[in-house]
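Notebook open, structure loaded. I start with a pocket and its lining, then go on to the cores and the confidence values.

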Amino acid sequence: MDGFSGYNQIMMAPEDREKTAFTTPWGTYCYRVMPFGLKNAGATYQRAATTILHDMIHKEVEVYVDDMIVKSKEREGHYTALQKFFQRIREFRLRLNPQKCTFGVTAGKMLGFLITQRGIEVDPSKIKAISEMPPPRTEKEVRGFLEPTRVVAARAGETVDIMKLFYTSTTSIGRCTLTERQINTAYESIAAIDEVQDDNPWYYDIWNFLEKETYPLGANAKDKRAIRRMAVQFIICGGKLYKRGHLGMHKLCVGAEESKRLMEAIHGGECGAYTNGVMLARKILRQGYYWSTMEEDCISFVRRCHKCQIHANRMNIPPSKLYNMTSPWPFSVWGIDVIGLSPEGDRDSYWKMMQKYIGSDVTSMVTLPVIIFEPMSMLQKMAELMEYSYLMDLADECEDPYMRLVYASSFFITIYYACRRTWKPFNPILGETYEMVNHEGVKFIAEQVSHHPPMSAGHAENDHFVYDITSKVKTKFLGNSLDIYPLGRTRVTLKRGGVVLDLVPPPSKVHNLIFGRTWVDVPGEMIVTNMTTGDKVVLYFQPCGWFGSGRFEVDGYVYNAAEEPKILMTGKWNESMSCQPCDMEGEPLPGTEMKEVWRVAESPENDKFQYTHFAHKLNSVDTAPKKLLASDSRLRPDRYALEKDDLSKAGSEKSRLEERQRAEKRIRESKGQQHIPRWFDLSSDVAPTPWGDMEVYQYNGKYDEHRAAMDSSDNIGEIDVRSTEFNPWQTNPRSTQSLAKHFELKMSHFIVIE
């Protein structure tokens, strides 16, 4: 009989529960029962079983962890033993797995052995590979069998007896084609190797052949031929053995002790550079020394070097092209504010200040210095998805419902190419907008609709599709990394067939925030669902492994409403995506070929911020629409100053805008007012998330009216966009001077205490 989830039947001590804590996107949990995987879980369960069945063990019951046997010599007494056993485990509320319980048998398997009336025997299934092994038919096959046998055997004599028994049985049934003399000869030649245990150096046989022309004792013709061939490469000079060099520079042959001293001196001595094993072997060769296994020994020596293990580079950082950065500042995370300046009394320890944020949601908690920013707002980054809008056009025109999902999912994957950039965009000011009307017929508008929590809403439309998004993120700071969980709702409506697509994006993880080179990984699943038919595509973003293996790779399938795979998708989110029809097992259909759906466009070389051509277009004032909104991200003075490499002005302008935003918030709170977005309205819909329901903002159509009026208006002359003042203060339009005067009057009623 076998216990059912035996370890889980033992309760954890309340004081030890916190030691089993683990984190999930939904919170931190701990085990109330003993989980599998604890080092002493087996011993704890064994102790509990022994305590419960102490008076029955070795009499009616045998117990090994969760495997239990109820035994008896006669069938009549077996019923009594079973009744007593079940009564005992019922008393202590233990559970058994009925699928692994067998009753009324006279033989059974336990711990890999077969227990019968005859005693304990070997389980035939455990030795099936040995019993069915084909007999050797050549001397080489005999050597291959005897080599592992001599290592396992305790004495050589026992191995001979085993081999004679084995080959006697095989010869008697006519399966072995070798004679007993050949078997013994093969064994004796191998056993003789073990008998030679001396302190001679590796070149001892070569030396004897060159000096005395003698061979080792017991060497066959093949061994002698090998020694003669090797001896040509060596020469004895002055009582020492040298290996001939290509240019006449001979190398001194050294033994084990001397080779160890050489590796220590050249690898880590006064002139040592702690090179890798291959380079160390080459250095020793250049110094004029040689031994037969020097490269293998050098590699093994470097692996055991203590200083190399401490100071070596981390191997799990993915290889990628390096770009010059203005400063190696930590927390270069896109779209996330995690930490500001340290308080006056705590500036001596940067890490001490960070400890209170570990495990917390740090989204827009405080601000960051402008030195780690890129000259782009998060609203502009939302618009980067429109670079490959032609994929949605193809999805709308496609008649095949499954290929429609292929195009749509590839469209959503394209945005992750921008995740390679670890520069941080500016967080939008409340009321800030971004508009784009000059890209392949797509009209895009985005607005920052909430400050705490930070939320953005976006709307894009052309002749083929309507794209709506309410964006919000939740983060978890883990010390040197940051988990980013995208919330909100993303919906795309295809105009031709009225198909509605819903997106569930994967989470992101930012590595090496404080120590090492910052890089972004996207491990998890992306799900795009056809809300009309129930078809969906599930794509798995591979996590980055050692040496960068698996990074950027995406694999998955398009499923119908019955969850049957129809199309295989594979590729890399930084290069391309391809698809191929598949069968019910997910294997490519015969006669079909892999079809490329999307490939990333060429990017400018050696760009400072790693921008694409489309990102430069989004950021340029020259490509802005006519009569640009005053709240547009392009007009932010801090963004423009950073673009011109004026860090001082960018930092001061950023601080000024953030202080102005806080001041407006205080005014609204004092008047009991709330910010009302201009282009989006709060709808009655809610988006369910693991952290609760989230409100959804809906496009109200007013921007279309505004843009149509601006484009058709001829009475307003051309305006220099660069001279337009950034003004996102839609809820309370005040000039900076009047706002400052207002708060100067308000603050006169308070006393400042230092």
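**Pocket.** I looked up which element gives most to the lining of the second largest pocket: S4 has the largest share, four residues. I note the pocket rule: on a 1 Å grid over the protein atoms alone, a pocket is an open set of points where a 1.4 Å probe fits, with protein on both sides within 12 Å along at least five of seven lines, and lining residues have an atom within 4 Å of a point. Elements are DSSP runs numbered from the N terminus: helices are H or I with at least four residues, strands are E with at least two. This is a predicted model: local features need pLDDT of at least 70, side-chain atom pairs count only at pLDDT 80 or more, and totals for chains, interfaces and linings use all residues. Residues are numbered from 1 along each chain as its sequence is written, and side-chain values use heavy atoms, with hydrogens and water left out.

I counted 29 lining residues for the second largest pocket, with Ile-69, Val-70, Val-105, Thr-106 and Ala-107 nearest its centre. Two or more lining residues come from each of strand S4 (67-70), helix H2 (75-91), strand S5 (108-110) and strand S6 (113-116). By type, I get 11 nonpolar, eight polar and 10 charged. Here Ala, Val, Leu, Ile, Met, Phe, Trp, Tyr, Cys and Pro are nonpolar, Asp, Glu, Lys and Arg charged, and the others, Gly among them, polar.

**Cores.** Next I checked the largest nonpolar core, which has 59 residues. A core is a set of buried (under 20% relative accessible area, 1.4 Å probe, protein chains only) Ala, Val, Leu, Ile, Met, Phe, Trp, Tyr and Cys residues joined through side-chain atoms within 4.5 Å. Met-386, Met-392 and Phe-412 have the most contacts inside this core. Helix H16 (residues 401-413) gives the largest share, eight residues. I traced Met-392: beyond four places in sequence, its contacts (heavy atoms within 4.5 Å) include Ala-408, Phe-411, Phe-412 and Phe-465. A second, separate core has 25 residues, Ile-206, Leu-241, Met-263 and Cys-305 among them.

**Confidence.** Mean pLDDT (the predictor's confidence in each residue, 0 to 100) is 79 for the chain, and 79% of residues reach 70 or more. I flagged residues 167-178, where pLDDT stays under 50. Residues 324-349 are also below 50. Where pLDDT is low, the predicted coordinates should not be read in detail.

Key: Buried means under 20% relative accessible area, exposed over 50%, partly exposed in between (1.4 Å probe, protein chains only).
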